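Biologist: I would like to learn how to read a protein model with care. Could we go through it one feature at a time?

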Amino acid sequence: MAFFRRNRQIISLTLIVFLLTGFVTFSARDRVTQTFIELWIQRTVAPIQRATAFVVYQGRSFGRYLAELGALRRDNEALRIEIDSLRYQYNLLIEASRESTRLRELLDYRSENTDLDLIMARIISRGLTSWQHEIVIDRGTKHGVRLRDPVVSHAGAVGRVVQVGPTSARVLLITDPRSGLAARVQETREGGVVEGDPANPGLLRMANLPHDLYIEPGAQVVTSGLGGIFPGDNPFLVGTVLSVSTSPDGLVQTVSVQPTVDFWRLEEVLVLRMWRDD
Amino acid sequence: MIKRRLFYASVIVGVVLLQGALSPYIVVYGGTVNLPAILVVCLALHHGAERGMYLGLVTGLLADVVIGGSIGFMALPLAIIGFTAGQLGTHLSKDAFVVPVIAGVLSVVFFELSLFILYRLAYGFFLVAAFRDGFIARMLLNGALMPLAIRLANRVIPRPELELR
């Protein structure tokens, strides 16, 4: 008895080893059914097992998400730079395409009007506010530009040169209230002076027309050549009649004209050299 | 007493469940973590050979039932590991850094060897590839985890009764 008490641990271990070896031998065979205890334990533990697996899965997903976050940030940064670069290149292409279209239109206009001596010029500055209806072009006396030379685009009259330097010139647009441009309604041939409408920046007006003139909205207004700026034998489009209003006393009419040239989008112009003082 | 047993029971169940759910994802150089072995070594170092043996037996049986395999495949090595680690903890200072590492490494070596031999005895073949592939990594990984586990166990596990030493 004392022997068993003294060697209790070793004896227990030996017994366990034998017991488990028996278990291994028994359970290693192809068992079809499980014991009641196995089933009970598995059934009890299964929900907790599922919950543990779920928690581990979620934790792993979160861990993977955190791990990927750095890589995602780097990728995002690289992609953003690439997008900016592509966007810049795309803009360059778009600009080139639009410039090509505009220049083609100007060239077409030039080839259609071979009797006119035209200088192609690029707008290098423009009035920033609605008060300033002026532009600066990159052509000056060196290129043959003179004071009061008319400036046109393929769409119509643009303005006249009011200041000229060796390599640049300032052009007063027809939308400026200070500019007075001799014009006429194309269909009815009624003439007047077109100037910038101070009340409606960007629009033109023909003021002080006789009350008995019949002018319809939609009629074309062209240069008449009477002011000595634009050629008389080659009229340029100025705009389209928007509306006609009579003064309160009923004596005169004022015609509102929408310019045919889109001044905000204008980038290249043509300077006419056929009307020179010399 | 009942509280303590409940605590151990929940720790054992938790570790076995975690082993089933977590171990496929903790792979370092082909080596997987053996949480039941680590737990048994920790408990045995604290509680001595006899209690370590029983805790190993219970942990192993539960792992056999829950994780799969034949009954006794994990229980047998874990019971022996528990006993041996308990003896080691009784005769050596478990607080020394080297003891838990050696205990961890040896437990994994023994565990793997036991399974290797048990498979041969039970099924008649050696699972050479299962034993060989990642064996060193498993040994080192579990050995390296052991000091951490011991440190955690020192904080969590209630102090054992002296007479059980």
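Modeller: Let us begin with burial: a residue is called buried under 20% relative accessible area, exposed over 50%, and partly exposed in between, using a 1.4 Å probe and protein chains only. Please keep in mind that this is a predicted model, in which local features need pLDDT of at least 70 and side-chain atom pairs count only at pLDDT 80 or more, while totals for chains, interfaces and linings use all residues. Residues are numbered from 1 along each chain as its sequence is written, chains are lettered from A and ligands numbered from 1 in the order in which they are written, and side-chain values use heavy atoms, with hydrogens and water left out.

Biologist: Which residues of α3(A) are buried?

Modeller: Helices (H or I, at least four residues) and strands (E, at least two) are DSSP runs numbered from the N terminus. In α3(A) the buried residues include Glu38(A), Ile41(A), Val45(A) and Tyr109(A). With contact meaning heavy atoms within 4.5 Å, the buried residues of this helix pack against β1, β3 and β12 of chain A, together with α1 and α3 of chain B.

Biologist: How should I read the strands, and what do they form in chain A?

Modeller: Strands of a sheet pair through backbone hydrogen bonds, either parallel or antiparallel. Two strands count as paired if DSSP finds at least two bridges between them. Here six strands of chain A make a closed barrel in the order β1-β2-β5-β4-β3-β12, with antiparallel pairing.

Biologist: What is a salt bridge, and which partners does Arg122(A) have?

Modeller: Side chains of opposite charge can pair when their charged atoms come close. The rule used is a side-chain nitrogen of Lys or Arg within 4 Å of a carboxyl oxygen of Asp or Glu. Arg122(A) meets Glu99(A) at 2.6 Å, N to O, and also Glu268(A), where the closest N and O atoms are 3.3 Å apart. The latter pair links strand β1 to strand β12 of chain A, 146 residues apart. Glu268(A) is buried, with a relative accessible area of 5%, whereas Arg122(A) is partly exposed at 35%.

Biologist: How many salt bridges are there between chain B and chain A?

Modeller: The count is one, and Arg8(A) forms a salt bridge with Glu50(B), with the closest N and O atoms 2.4 Å apart.
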